[in-house]
Amino acid sequence: MPELPEVETVRRTLLKHIKDRHLIKTEILYPKMIKSDIDTFLLSTKDVYFKDIERKGKFLIFILSNDMVIVSHLRMEGKFMYFKTKDTYSPYVKVVFYLDNDDVMVYDDMRCFGIMELHSLKEYRDNLIPCLKKLGQEPFDLDENTLHDKLKNLSSEIKTSLLNQDIISGLGNIYVDETLFDCKISPFRKSSSITLDECRSIILSARKILLKAIDEGGSTIDSYHPENGVDGKFQNSLLVYGKEKKPCSICNSLILKRKLHGRGTHFCPRCQKVAKVIGIYGKIASGKSTLSNFISQFYPTFSSDEYINSLYKTSLNEDHLEFKQFLIKTFSEKVINDNLTISKGEIKNQINLDNQKKIALENYLYPLLRKAIHEFIKEHESSLLIFIEIPLLFEKGFRNEVDYVLGVDCSYLKQIEHLKARNSKIATDLKLNQDHQFDKNINKIDYVIFNSSTLEDLKANTFKAVDFFLNR
Ligand SMILES: [Zn+2]
């Protein structure tokens with residue numbers, strides 16, 4: 001579909017041909033596309049001169065010498081072409097404008113979505129034409145405060161809002177994708193989350209991209225050509241549109257394409273930070289794992305505990321002996337059970353008695369955990385949300401691995417109840433709480449779920465939390 005740069009290119013190209021030319025008569029081959037009275041249209045476009053062509057958004061306005069205007073929108077595949085009368089033209093021609101010197105300008109539209117309307121010049125100048133009146137400002141006239149005001153109460157995704165011509169006029173699918181990539185904003189962000197600074201970036205990027213595209217004659221995509229035999233060159237400058245599965249020009253990640261309300265949306269998952277990474281944090285036995293298991297049905301979810309458990313398990317495989325050797329060196333042969341599993345109880349006991357051993361174990365495990373988290377995020381970077389359960393997220397310096405923190409809190413009694421259900425050594429496990437500074441970190445947590453009642457409640461609260469993060 002032609003967008004602003006293409007329509008502007010059409011305007012400039014046509015103007016060269018028809019400015020001050022005599023329009024002898026007009027022939028309409030597909031009356032349905034004329035949205036005004038046909039007889040008046042034919043009469044008003046007979047024996048007049050084309051004075052000028054203006055553009056508003058993606059509308060072309062042909063100004064005639066009889067103070068009438070033709071307002072035209074090309075929609076999906078409409079195009080104006082220039083011929084000699086004797087030339088044969090395509091069967092999709094819908095309107096023919098006969099000019100002097102045996103020249104014709106034809107309007108060709110295979111899919112018949114385009115429209116033409118006749119209005120008076122006064123109506124046009126006074127901004128009384130309904131389809132033009134409701135157009136938003138173009139990026140060239142729009143300032144960040146106005147854009148921010150329009151976006152701040154909208155729950156739609158930013159891409160959808162930028163396609164809405166009432167909000168900002170002249171950006172179509174190609175240039176919205178390119179603009180959002182240029183200013184590194186995820187197309188899936190809620191419009192209301194876009195800050196004033198980001199509005200400024202959007203406007204500046206849109207202007208830069210549109211000007212470059214106009215300069216290069218638009219993009220030749222699908223059926224659009226500005227002039228017979230002449231192609232726009234901007235398609236060579238596109239960085240995400242039509243580049244799916246190609247490496248990003250900045251970070252080398254693969255460009256992805258996803259449908260957003262039916263529109264193909266191209267983006268770099270990394271540069272545009274599509275995935276929001278949420279750390280799940282909470283006291284021992286607060287219900288973190290139940291919540292993580294539930295969330296994992298909907299979003300990629302990483303459990304630090306499960307990862308570390310898997311290290312203990314694989315440490316006994318022939319291929320992964322390094323960790324086993326470390327454990328024996330630090331905790332002696334006692335850590336190997338008779339059935340050749342690792343005794344975590346033994347490790348826990350020794351740790352409780354000797355803080356140095358605890359530090360040694362953490363220094364061994366945490367770099368591996370950090371690496372595994374990075375890999376998990378990279379693997380799922382096109383997901384909207386990624387959850388990482390990290391019990392000691394603040395205490396052990398994992399805050400920078402996540403964008404937001406979801407806290408799970410519960411009462412002391414509930415904790416005991418959970419621990420009893422796990423059949424754990426309650427005293428030892430609660431001692432772990434001494435390390436835990438949930439209450440001290442409460443102000444750094446973006447969203448807290450208080451897990452005091454049923455599983456159903458926890459699930460309902462989890463959905464609320466997901467909604468909260470999707471809207472951030
Ligand atoms: Zn990138």
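The model is a predicted one. Its chain is divided into four assigned segments, namely domain 1 (4–133), domain 2 (144–267), domain 3 (275–300 + 380–472) and domain 4 (308–364). The chain holds 16 helices and 15 strands. Its radius of gyration is 32 Å, well over the 23 Å that the globule rule gives for 472 residues, so the chain is more spread out than a compact globule.

**Overall dimensions and contacts**

- The C-alpha trace of the chain spans about 100 × 45 × 30 Å along its principal axes.
- The centres of domain 1 and domain 3, taken over C-alpha atoms, are separated by 62 Å.
- Domain 3 is assigned as two stretches, 275–300 and 380–472, and domain 4 is assigned to 308–364.
- Of the 472 residues in the chain, 34% are buried.
- Among contacts in the chain with a separation of 6 or more, 68% join residues 24 or more positions apart.

**Packing of helices α11 and α13**

- Two packed helices are described by the angle between their axes and the distance between the axes.
- For helix α11 (residues 321–331) and helix α13 (residues 355–379), the packing angle is about 170° and the axes are 11 Å apart.
- Angles over 145 degrees count as roughly antiparallel, and α11 and α13 are therefore roughly antiparallel to each other.
- On the α11 side, the residues that meet α13 are Phe326, Thr330 and Phe331.
- Their counterparts in α13 are Lys357, Ala360, Leu361 and Tyr364.
- By class, the residues of this contact comprise five nonpolar, one polar and one charged.

**Ser44 in helix α2**

- Ser44 belongs to helix α2, which covers residues 38–44.
- Ser44 counts as buried because 20 C-beta neighbours lie inside 10 Å, and the threshold for that class is 20 or more.
- Not counting residues up to four places away in sequence, Ser44 touches Asn66, Met68 and Leu118.
- Ser44 and Tyr175 are 131 residues apart in sequence, and their C-alpha atoms are 36 Å apart in space.

**Lys420 in helix α14**

- Lys420 is located in helix α14 (residues 412–421).
- Lys420 is classed as exposed, because it has 11 C-beta neighbours inside 10 Å and the limit for exposed residues is 12 or fewer.

- Lys184 sits in the loop between α7 (173–182) and α8.
- With 15 C-beta neighbours inside 10 Å, Lys184 is counted as partly exposed.
- When neighbours within four places in sequence are left aside, Lys184 is in contact with Cys271 and Gln272.
- From Lys184 to Asn173, 11 residues apart along the chain, the C-alpha separation is 16 Å.
- Ser253 occupies the loop between α8 (196–215) and β9 (256–260).
- Ser253 is partly exposed, having 17 other C-beta atoms within 10 Å.
- Beyond its neighbours within four places in sequence, Ser253 makes contact with Cys248, Cys268, Pro269 and Arg270.
- Ser253 and Phe394 are 141 residues apart along the chain, and 30 Å separates their C-alpha atoms.

**Non-glycine residues with positive phi**

- Asp67 has a positive phi of about 60° although it is not a glycine.
- Asp67 lies in the loop between β3 (59–64) and β4 (68–73).
- Asp67 counts as partly exposed, with 14 C-beta neighbours inside 10 Å.
- His261, which is likewise not a glycine, has a positive phi of about 45°.
- His261 is placed in the loop between β9 and β10 (263–267).
- His261 is exposed, with 10 other C-beta atoms within 10 Å.

Notes
Residues are numbered from 1 along each chain as its sequence is written. This is a predicted model: local features need pLDDT of at least 70, side-chain atom pairs count only at pLDDT 80 or more; totals for chains, interfaces and linings use all residues. Domain bounds come from an automatic or database domain assignment. Helices (H or I, at least four residues) and strands (E, at least two) are DSSP runs, numbered from the N terminus. The radius of gyration is taken over C-alpha atoms; the globule rule is 2.2 Å times the number of residues to the power 0.38. Two residues are in contact if their C-beta atoms, placed from the backbone, lie within 7 Å. Axes are lines fitted to C-alpha atoms, for helices over the stretch in contact, and angles run from 0 to 180 degrees between N-to-C directions. Angles under 35 degrees count as roughly parallel, over 145 as roughly antiparallel, 65 to 115 as roughly perpendicular and the rest as oblique. Ala, Val, Leu, Ile, Met, Phe, Trp, Tyr, Cys and Pro count as nonpolar, Asp, Glu, Lys and Arg as charged, and the others, Gly among them, as polar.
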